Each structure stands twice: as C-alpha cells, then as structure tokens.
Amino acid sequence: MTDQSAVGAASRRLLPTATTRQTWAALRAEFARLPGLSAAATILLVAAAATGLVAPWVLGRLVDDVIAGSDTPRIVAWAGVIAGAAVLAGVLTAIGAALTARLGETVLARLRERVLDRALHLPSATLERAGTGDLVARAGDDVAVVTNVIATSGPAFLGALLSIVLTALGLFALDWRLGLAGLAAAPAYTLALRWYLRRSVPYYARERVATGERTQAMAGALRGSATVRAYRLEDAHVGGIADRSVAARDLSLEIFNLHTRFGLRINRSEFVGLAAVLLAGFLLVRDDLATVGAATTAALYFHRLFNPIGLLLLQSDSVLQAGASLARLVGVTTLPAGSAPAASPGGSAPPGGSAPDSSASVDTASPDGSGAGRPRRSAGRAGSGPAALEVVVDRHRYDDGPVVLRDVALSLAPGERVALVGASGAGKSTLAGIAAGIIAPTRGAVSLRGVPLGDLDEHRVRREIALISQEVHVFAGTLGDDLRLADPEATDAEVTAALDLVGVTDWLRTLPDGLDTCVGEGGRQLTAAQAQQLALARLVLADPAVAVLDEATAEAGSAGARDLERAATAATEGRTTLIVAHRLSQAATADRIVVLEHGRIVEHGTHEQLLASGGGYSRLWRSWRAPVPVLPQERAGEEGAARRARPDAAPDRDVDATHAPA
Ligand SMILES: Nc1ncnc2c1ncn2[C@@H]1O[C@H](COP(=O)(O)OP(=O)(O)OP(=O)(O)O)[C@@H](O)[C@H]1O
C-alpha cells in the first residue's frame, strides 16, 4: 500500500502565499509574455521622466546667460525649449500612463485567469480543506486591491519612481556635491515613513473592522426588519447603527489626521533637503566651484522630487497591500495541478485481509428492476467479477486531528448498492469522500476495477466516479445548460429523459420555458430538493460507473425525502453505488449495509442479516420504526392519524435516523 501522507499533507495545507521572489518571478514571466507593450510602456515612462529634467536644466542655463548679459533672442529660445519640453513631457506621460495601465490590467487579467484555472483544477480535497472562502477572497478581494492600485495609482507610482531615480542621477551629474547635499533629506524621509507605517497599518485594520461592523449592523436590522418592528426595536437598532457609524467616522477622521501629520513630516524632510542643496549651492558658487545656474538647476531638481516622493510615501501602504494581495494570487498559481489521490493495491491491509469488511462478498442479489426508461447505462447487476471499487483505509485523520477512520476495508461489486449507516461523526462522509477520490486517505488506497486511482488521470476518475453531496450548486443559466454540464453533447430528448427518470417531469411542465428556463442566480430559484433532483439528473447524464451519494436525500421534508429516495434509486440503477443513508428506509433497500461507529466498520450485511443479528443496526432500526409520538396538532389531522395506523408509517418520518443514538 502506498503511504499517501505526502499527498495528504499537501491536501491539508491552506492555499499558499507566494514568497517575494516567486511573486517577482511570476510578474516578470507575465511581462515577458507582452514584450512589445512592456518595452513601449517602459520607454515612454523613462522618456517622460527624462524630458521632465530638461526644464530645470534649461532654467539654470538661462540664469547663467542672464548673468552673462546674453541677448533676448537667446533667452526667448531657451523659453521655447522649456515650453516644448513641458508639452513633450506631458504627452509622453499621458501615453506612458495609458500603456502602463493597459499593461497592468492585462497582466492582472491573465494572472486572475491562471488563478481560476488552477483553482478549478485543484484536487478537490485541497479545495475542501482550504475552503472556498479563501479562494473567493483571493479571486475577489485580492484582485480588487491589486486592480485598484494598478488602475488608480500604479502608473503614477511608476512614473514617480522613475522621476526620483532620474532626477537623483541628474543632480549627481550636475555636481556630485549638490547630489550629496540632496541626500541629506534621506534620513528625514525614512524616519517619516517609518513613523507613518507603524501607525497606518493598525489604523486601516481598525477601520476595516469598524466599517464591517457598521455594515453588519445595517444588514442585520434590514434582514430582521419584521422582527425589529414586531418588538418595537427600531430605536435601539438605529441607535446601534448610529454608534457604529460614529466609530467608523471617528476612525476615518483619525486616519485623515494621520495623513496630515505625515504630510507635515514630509514637508520637514523637503525643507531639510532643499536647505542643504541651497546651502551647498551657495558655498560652491561662493568658492567658484559652480555657477549660479547650476545651483539653481540643483534646487529646481530637488524641488521636482517633492511630488513624486510625497506620492510614493503616501501610496506606500496601498502598494504594500497590493503586493501582499499579489503574493496571495501568485500563491494559488504555484500549486501543483490537480490529480487524483494516489493509491495502490496490496500492502499492509489488502482487500480480503483481516479488516472488518474485507469480504465484500456478502453479495446479495440486487433488488429487481428493469431499469426501463433509464436513458443510459445498463451495467450488470451485483455479482461475481472484479470489485468495481475497492477502498482500504488503514487510518485517516484531518491535519493533526484524531484518527477519524481506522482499519476500514470496503469492496463494492459491479452494480452493487452499499449503504453507509452510522451516528453523526462516525466517519460516513469522510469514507464517501475517500471512495469518490476527493479525499486522499492519510494511509490507504482506492482502486477502480483493480486500478489504483493514482494511476488514472483526474478526468478518467471524475468520469468514472461521481459524487453527489448535500451542497448542490445550480449554475446560473438555462436549465438545459445546467444539466448539460454533465454531458455537453446530450440532446434535448436525453436531457428530458434524465429529468423524467428522477421524477422532475411534472415540475418541468410548470416551467414557462421548459429547458430554456433560467435557473440559479438571477433566474428561477430552486428548492434544495429540486437542486438535488437536478444533481441526480446530471448523474444520469454523466453516466458514471460508480456513484457516491452523500446525504443526497437529506435536504427535504418527509414526502420530499421519499421522492428524492426514489429519484436516487432510479438514477443509480445499474451503477455501483455507495450511499450515505440518512434515512434507514434507504439503507433497507440497499444490497448491503455497512455500519460505521467511531471510524470503524462494526457491522455489515443485508438488512435482514443485520436485523437477525440483533446488533446496533437492529436497535437503530427498531427505534426508527417506533411509533411516532402523537403531537397535538397531528391529532387534528386525518393524515397524521392515517399514517400512524399504517404499518409502514415509520419510513415517512422526517427523522435523521443515522443521527439517532446507535
Ligand atoms: N474537513 C474536516 N476537518 C477536520 N475534521 C473533520 C473534517 N471533516 C470531518 N471531520 C471530522 O471527522 C469526523 C468524521 O466526520 P464525518 O463528517 O465523516 O462523519 P459523518 O458520519 O459523515 O457525520 P455526519 O453524519 O454528521 O455528517 C468528525 O469527528 C468530524 O468532526
């Protein structure tokens, strides 16, 4: 048996965040895919920043010329150069900013596509473990943060950075002593930035909490408006919202105040730098080491730094936040592409070994049923031949938690229907997930017709084994499209036949546009039971050899549950089926029942065998069949009386039988 701890460890990790190096590498790779646009944007931004240096330099020359008594045409010519350079710098900056924004948006769009692509191909277990919330936050919030920076301040930020670098170079090129004087401002700027970042980060965190609380209070009051009115709680709720609004507003004011104080510190740094440049200029001019024009250019160069440095500092926190969000996005793309959990046969707990349910050969004859009307698979019934599905779990635990499955060996014959029964937390869903290949057992193996799932590619596994869980998603679109997710080639007749098989025909007739009716978000809302029926119809269309149904009939009242049970039976007819039976009526009709207790198989056999053995299952069955206590409101209803009188009344009970004490 293959030790799957490596796979398990990978699947237990939360979605990773990329390192700085990985983030830069990913960005470089994306920019490299757009060489023309990247080069054009870079050249234009550098040209714009360089053109911006022309005016101060010309002004310095102009000062020297005026002192030297140059003629008017020369001075007018210099003025013309200044005007021309200003216009050119403006044009280059505008085009450069537009190209940079386009470049940034394109890179981000591609990154987002890669994130989604990787997310959709992640091993299901990784997603299950990390939770979709983390992924949605990355594809939503993190993308929004990065987009905001790219769209609003990204080009200006880059332009400012280039301006600072080129201006500093220009200052040193003019006179290295003037350049050094300008550097005198660096410690003051650094201190100002440290002061700001130490305060701004917690402030922003508090602001997010405060605005979140305000939104929560408002949404809560609106959602519960009927209750609020019924108990005359309007004033209390309005007061609560007002308090939270005041808290959020106060924090926003404090942040504004923080910005103002930061601005003062930036001004102080500017003063230090400019004073140092002017003083150095004065000394150099006095000692004839530089011209007045050069000192003027140096002062103007330094003054030119005010805006870009201020912008860089004030945007630093949002750029840092964007960097963190970017690392989270890149983190998803670094995950390995999806694969089915590795598994291999043999090893320490071979099927047929000493594990409790190693003998899958409690092969009872399947219930009769022609399967007539079922549009597709007509696989053989339970019987001899290689096991369709073999699940061996030495042990399984989530993260470092307790062992939740131990020494489980389960073998399903082709076409056999096996029901999993057990108290809440016994490990049914975990075993179902492992059997379906979406959870890699910590130590164990799953094989499909003797072939380890790890040796099959993910698509093959998904085609052969289908899992229906309680949480069924109905995608926005037409009903037909939603069903064709399982089989894009399916004709209308096949889709209708699948719906017919799971008993949706009556409901379908009531829909104004039939299969073209829009369902899901923005369309017709379906009940949980209807969504389950659609999932079962999709199962029919997908036509897998093995079906794993986890709580697929749990989402309905008594009558709905029986309909779903019938639908599930029809949809899985002829398929090898593992079903987590929430209602014992479902277990009773299975070919074989496996009872789990504290992660171990404690009983298995047919319904009759288990009843005859007098074990936990029979106790569970008896308590489930026990007469329903008469409720006052039921006493009045004829239907309730009739149900109690009928011998088969019990299976109608809307009782989560498997959650009853065993
Ligand atoms: N993703 C998870 N992370 C950590 N522990 C988990 C996770 N899923 C299940 N467990 C734990 O594993 C044990 C078995 O849970 P499982 O859901 O498989 O039982 P179950 O028999 O299906 O229960 P129920 O009928 O209530 O769904 C429980 O103790 C549960 O808390």
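This is a predicted model: local features need pLDDT of at least 70, side-chain atom pairs count only at pLDDT 80 or more; totals for chains, interfaces and linings use all residues.
We start with helix H11, which covers residues 234–286. Its 53 residues, at 1.5 Å a residue, should span 78 Å. Along H11, the buried residues are Ala248, Phe262, Ile266, Ser269, Gly273, Leu274, Val277, Ala280, Gly281 and Leu284. Here a residue is called buried if 20 or more other C-beta atoms lie within 10 Å of its own. Just after the helix, Asp288 has a positive phi of about 60°.

The next element is an open sheet of six strands with mixed pairing, in the order S6-S9-S10-S3-S11-S12. The edges are formed by strand S6 (465–468) and strand S12 (600–605). Each of these two has a single partner strand, so one side of each is left without a neighbour in the sheet. On average, and with direction ignored, neighbouring strands of this sheet are turned by 15° against each other.

Within the sheet, strand S3 (residues 417–422) and strand S10 (residues 576–580) run parallel and are joined by four bridges. Ala419 has Ile579 in S10 as its bridge partner. Helix H13 (residues 428–435) packs on the sheet, where it touches S3, strand S9 (546–550), S10 and strand S11 (592–597). The direction of H13 makes about 155° with that of S10.

A further helix, H18 (residues 528–542), lies across S6 and S9.

Technical notes: Residues are numbered from 1 along each chain as its sequence is written. The expected span of a helix is 1.5 Å times one less than its number of residues. A residue is buried if 20 or more other C-beta atoms lie within 10 Å of its own, exposed if 12 or fewer, and partly exposed in between; C-beta atoms are placed from the backbone. Two strands pair if DSSP finds at least two bridges between them. Axes are lines fitted to C-alpha atoms, for helices over the stretch in contact, and angles run from 0 to 180 degrees between N-to-C directions. Two residues are in contact if their C-beta atoms, placed from the backbone, lie within 7 Å.
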